[in-house]
Amino acid sequence: MKRPVPYYFVICTLILIGAGLILHRHWVYEIPLTPGESQTIWSLEAKVQFMANGEPVRASLARPSNQPGFMVLRDSGASPGYGLNFIDAPAPMAEWTIRQANGMQMLFYRVEVLQSENSGDLPPEAPPVLQTHEWKEPFASAVRVILDRVYSTSADHFSLTRELLKAFAAEPAEQNVELLMNEFGNDRPEQLAYMLNKAGVPARVVYGLYLQDGRRQQDLTPLIRVWQGDKSQVFPIPGYSPNLVGTEDMGPLLLWEQRGAPVLDVMGARDSQVRFSMIRREESTYATVANTLSSQYNLFNFSIHSLPVEEQAMFKTILLLPIGALVVCFLRILVGLKTSGTFMPVLIALAFIQTSLVTGLIGFLLVVAAGLVLRSYLSKMNLLLVARITSVIICVVAIIGVFSVLSYKFGLTEGLKITFFPMIILSWTVERMSILWEEEGPREVVTQVGGSLLTAVLAYWAMNNPWVRHLTFNFIGIQFVILGLVLLLGSYTGYRLLELKRFVAFTR
Amino acid sequence: MSLLPVKLSELPALALDWATRPWRLHKAGILGMNARNRLYISGYNPRHLYPLVDNKVKTKLLAQEAEITVPQLIATIDSQHATARLEEIIRERDSFVIKPAKGSGGKGIVVIAGRNEEGWVKANGQTVDLEYLMRHVSNILAGLYSLGGAMDVVIIEERIDFDQSLSAFSFEGVPDIRVIVCRGYPVMAMTRLATRASDGKANLHQGAVGLGLDLATGRALKAVQFGLPVEYHPDTGQRLDELVIPYWQELLVLAARCYEVTGLGYLGTDIVIDRDKGPMLLELNARPGLSIQLANGSGLVPRLRRIDALSESDTRIPAHRRVLRSQEWFGVRPDA
């Protein structure tokens, strides 16, 4: 028989698609291929405080967005009585609104960010327009002198910025710089940005947070972001390093606000301030991914992880089924094992995952054995098939009930897990085995129950393997690979392992 | 004393003994289950034709149309409330067979050979009453013996009046002859002899004796029980190599004609010999088993390859000529 030409093509395509999807998720979303690797998640909390005086209040706080080194997992706000909206344009921010508020107000904004190894430049972005600012004399000429010098000693926007910042960091400061520093006072970051703009360099003051575990009441640190074409870089401003414990361990820098928009803007109240606290936690990627991206309702993110967490938990199990089915395929096609009901072992294996293996095996054998005894009585009653199976179902339920109560009375709480077994499947197993016993004798029953249990145990091992669980849940692509493998198995026309035994007489 | 029941040096030999090697099977031309399913059953048997053989009522009607001898149909029962008709149907009869239309592997077949005061006597001597038979009919209707437990129909047909020349070769009942027909060409044949060990059933893995048959003559080639060669029937003591199937040519032609009747290219035909009517088609099987190779001591693959190589027109020549060609290709010559 000839195979259609596109046959291997289809299989290869499936496996390639699968591998592609896996690698895409691995590279783009940085989900590791092995479980147990932990990733760092920062829980950051911004506390906004202000005094309200009975007027309508509108408070907007900038929100961090994805950037090199960080991925925002989810954010939320807590603010009783306030309306809260997350706005994405023109800049990402959280906006609280209330018609009337009095006294000290406290608003909370929480965000979880995933720290990733991937660092590098900020994504390309069009530079902002240049702002003009006029200084009074003698400051205007001081600015001019400094800019002239840094311009001549630099090559591009970035090196010009470095030169300028170096001038302001120098000890002792040069006379012109000294003059300007006194004039700028606390406004130094903005003034530096104006100076850069004056030199034709697009620059903005942005605000970042140096992350260090367990810090509270932190301020954002102003930084200067400079554009050269679409590219941009962030520079620390001299004299504005954060007050961290131990200067060596600065911790990673998260840009809270990236475009020079105000961090906090409160209308209708006074004395507003925002303080940050942060906690670092290590989570296994498995747990992380359950949360990861669930808030990214992106049209192209068709992954399971765009579902709510509860549905994801359900899919964890569903996505394991193909693995169990693959094991069955393998055992039947390559080994030639006999089972009772093709995919019954997979369902039994799913029950084993709930009950743990030993409990599950003992429970299964007890229920089937007790079921067979009851069924042998039923077979004497000359019932119609459907009624008989229904009676078997009821008997199986009763048996499970009795075993649960007994094991509980004897203090074996493990026994209660027996309820995880799929009763209908068990009933059909009992019915089939009973007929098999009558027709083919106990030997065939032992063969088939043994084959089914062996398959179930192997499927259980496969499906309960942390690595397999990690792969199936996090990489939808694996399903394509499995499908490809199954198609490949489906075209296998070689001998089965047990046929080597069956036909052993030929080579004697 | 060693802790192990065998010496370590013997272990490799044990491992060799347990199973053969795939390349040896390949060399012997053995057809495996996967190859059979994919290359022959899926390759030659269109799915829509399966009901013709899976439902024995259809097979019977089809065969009768084509004037192939089959056991005479007495009646069918197709619903639970019609079960009451059973008494009326069998009242006047001493012998008959009750079987499921969609059964497989001989399951659910009850053969009634006679009557006594208490009721009917089964072929194995057990006396049964009407209630037993009605329960059996009801079980068949509910799908107890059908593939996948689907609703079934009961067939009541005449019992075959077996040719007694073969009865000494079987422990109970009379053996049937299985011929594998590929694209209308008989490729291999065997008969299965029930033994006490097989509990009167004709399944090789349960201990029935498998007897390969020479396609050219209908003579026994080789007998195996539990995979080992045997010379005498374990229960009757009959020398097995004396077995010759009567009406052999006629039987093969009948088997070969089943190809035109059903359109199935890979077919197992089960044939019995009636004392008066000669070879009679008992049932057809679209998924014939592989143990026929054990009984013949040779593999199906080389023969099937030969059939694969035939052209479409080769399959349209009359059945008796196909049989002759098969016999020439696959028959064992006396001098061989």
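Predicted model: local features only at pLDDT ≥ 70, side-chain atom pairs only at ≥ 80, totals over all residues.
**Chain A, whole**

Start by colouring chain A by secondary structure. The chain holds 16 helices and twelve strands. Of its 508 residues, 34% count as buried. Among contacts in chain A with a separation of 6 or more, 75% are between residues 24 or more positions apart.

**The annotated spans of chain A**

Select residues 6-23, 313-335, 347-373, 385-406, 418-438, 445-463 and 475-498 of chain A, which an unreviewed UniProt entry lists under "transmembrane region". Two of these spans can be looked at individually. Residues 347-373 of chain A are 96% helix and 0% strand, and the C-alpha atoms at the ends of this span lie 23 Å apart. Residues 385-406 of chain A are 100% helix and 0% strand, with 31 Å between the end C-alpha atoms.

**A four-stranded sheet in chain A**

Next, show the strands β4, β5, β2 and β11 of chain A. They make an open sheet in the order β4-β5-β2-β11, with antiparallel pairing. The edges are β4 (83-87) and β11 (264-267) of chain A, each of which pairs on one side only. On average, neighbouring strands of this sheet are turned by 15° against each other, direction ignored.

Now select residues 57-62 and 93-98 of chain A, the strands β2 and β5; six bridges join them in the antiparallel sense. Which residue of β5(A) is the bridge partner of A:S60? The partner is A:E95.

**Where the chains meet**

Show both chains and select the residues in contact across them. Chain A puts 23 residues into the contact and chain B puts in 26. On the side of chain B that touches chain A, α2 (22-28), α3 (33-44) and α7 (130-142) of chain B supply at least two residues each. Of the elements on that side, α3(B) gives the most, six residues. Colour the chain B side by residue class to find 14 nonpolar, seven polar and five charged residues.

**Chain B, whole**

Chain B has eleven helices and 13 strands. Buried residues account for 42% of its 336 residues. Of the contacts in chain B between residues at least 6 apart in sequence, 63% join residues at least 24 apart.

Select residues 96-100 and 110-116 of chain B. These are β2 and β3, an antiparallel pair with three bridges. Within this pair, B:I98 has B:V110 in β3(B) as its bridge partner.

β3(B) and β4(B) form a hairpin, with two residues between them.

**The seven-stranded sheet of chain B**

Move to the open sheet whose seven strands follow the order β11-β10-β9-β8-β7-β12-β13 in chain B, with antiparallel pairing. The strands β11 (228-229) and β13 (278-285) of chain B are at the edges with a single partner strand each, so one side of each has no neighbour in the sheet.

Select β12(B), residues 266-274, together with β13(B): seven bridges link this antiparallel pair. Here B:I273 stands opposite B:P279 in β13(B).

**The nonpolar cores**

Select B:V181, B:V187, B:L211, B:A255, B:A256, B:I271 and B:L281. They have the most contacts inside the largest nonpolar core, which has 74 residues. Helix α8 of chain B (residues 248-262) contributes the largest share of this core, nine residues. Centre on B:A256, whose contacts beyond four places in sequence include B:V181, B:P186, B:A319 and B:R322. A second, separate core has 59 residues, including A:L73, A:L107, A:L220 and A:I224.

**Last stop: B:R322**

Finish on B:R322, in helix α11 (residues 319-330) of chain B. Is B:R322 buried or exposed? The cut-off for buried is 20 or more other C-beta atoms within 10 Å; B:R322 has 25, so it is buried.

Beyond four places in sequence, B:R322 touches B:G184, B:Y185, B:A256 and B:I317. Draw a distance between the C-alpha atoms of B:R322 and B:Y185: the value is 5.7 Å, for residues 137 apart along the chain.

How values were computed
Residues numbered from 1 in each chain as written. Chains lettered and ligands numbered in written order. Contact = placed C-beta atoms within 7 Å. Nonpolar A, V, L, I, M, F, W, Y, C, P; charged D, E, K, R; others polar. Pairing = 2+ DSSP bridges. UniProt positions renumbered as here; feature names shortened; annotations may be inferred. Buried ≥ 20, exposed ≤ 12 C-beta atoms within 10 Å, placed from the backbone. Axes fitted to C-alpha atoms, helices over the stretch in contact; angles between N-to-C directions. Core = buried A, V, L, I, M, F, W, Y, C linked by C-beta atoms within 7 Å.
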